[in-house]
Amino acid sequence: MLRTAYLLTGHHHDAEDLVQVALAKSYAQWHRVAQANDPDAYAWRIMINAHRDRVRGLRVFEWLTTRFPERSDRDRTEQVLARDVLAHALRRLPARQRAAVVLRYVEDRTETEVATLLGVRLGTVRSRAARGLEKLRADPAVRVLRPEGSRR
């Protein structure tokens, strides 16, 4: 039975499982198996039916379509690396300049809001943000970054 089960399944472990299922079902229905004209053939038929039921459950249905089911996302590796470089460059700025740049350009707040949040005058926010941007632009790591959509 094991050899036939192996030929049916194509895999040794699946064949052992199939024989085990067939023998367990034969044992559970032993009164029918014993009364059959050929008990051996009856047990083999149980194994073949168990295999057919197993294969029926594994069937995968396919539908032909003109579209791909999943969309491909573009690779965001460069974007993540650019953000990391920019975060490191921001950490190298003095705390006050960093606060002005982050609030003004990252959080997109107005100069008046930034001045209120930092508790300084409007001119101070402008000068700190301008100096911070100047240092970021001079940073060699940031200089190699390209804005999205621009080409060099």
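**View 1. Helix α6 passes helix α7 in a right-handed crossing.** Helices are DSSP runs of H or I with at least four residues, strands are E runs with at least two, and both are numbered from the N terminus. What you're looking at is a predicted model, where local features need pLDDT of at least 70 and side-chain atom pairs count only at pLDDT 80 or more, while totals for chains, interfaces and linings use all residues. Residues are numbered from 1 along each chain as its sequence is written, and side-chain values use heavy atoms, with hydrogens and water left out. The axes of α6 (residues 95-106) and α7 (residues 111-118) come within 9 Å and cross at roughly 140°. Those axes are lines fitted to C-alpha atoms over the stretch in contact, with angles running from 0 to 180 degrees between N-to-C directions. The pair α6 and α7 is therefore oblique; angles under 35 degrees count as roughly parallel, over 145 as roughly antiparallel, 65 to 115 as roughly perpendicular, and the rest as oblique.

**View 2. Who touches whom between α6 and α7.** From α6 come Ala-99, Ala-100, Leu-103 and Arg-104, and from α7 come Glu-111, Val-114, Leu-117 and Leu-118. Contact means heavy atoms within 4.5 Å. Sorted by class, the α6 contact with α7 has six nonpolar residues, two charged and no polar ones. For that sorting, Ala, Val, Leu, Ile, Met, Phe, Trp, Tyr, Cys and Pro are nonpolar, Asp, Glu, Lys and Arg are charged, and the others, Gly among them, are polar.

**View 3. Asp-108 sits in the loop between α6 and α7.** Most residues other than glycine have a negative phi. Asp-108 isn't a glycine, yet its phi is positive, at about 60°. Asp-108 is also exposed, with a relative accessible area of 63%; exposed means over 50%, buried under 20%, and partly exposed in between, using a 1.4 Å probe and protein chains only.

**View 4. On to the next pair, α7 and helix α8 (residues 122-138).** Here the axes come within 9 Å and cross at roughly 100°, which makes α7 roughly perpendicular to α8. On the α7 side the contact uses Glu-111, Thr-112, Val-114 and Ala-115, and on the α8 side Leu-122, Val-125 and Arg-126. The α7 contact with α8 has four nonpolar, one polar and two charged residues.

**View 5. Gln-97, a residue of helix α6.** Is Gln-97 buried or exposed? Gln-97 is buried, with a relative accessible area of 10%. Setting aside its neighbours within four places in sequence, Gln-97 is in contact with Arg-128, Arg-131, Gly-132 and Lys-135.

**View 6. The largest nonpolar core has nine residues.** They are Ala-5, Ala-15, Leu-18, Val-19, Ala-22, Val-33, Ile-46, Met-47 and Ala-50. A nonpolar core is a set of buried Ala, Val, Leu, Ile, Met, Phe, Trp, Tyr and Cys residues joined through side-chain atoms within 4.5 Å. Two or more residues come from each of α2 (12-28) and α4 (39-58), and α2 gives the most, with four. Val-33, leaving out neighbours within four places in sequence, is in contact with Ser-26, Pro-39, Tyr-42 and Ile-46. A second, separate core has seven residues, including Ala-89, Val-101, Leu-136 and Val-142.

Definitions and conventions:
Left-handed = near helix turned anticlockwise from the far one by under 90°.
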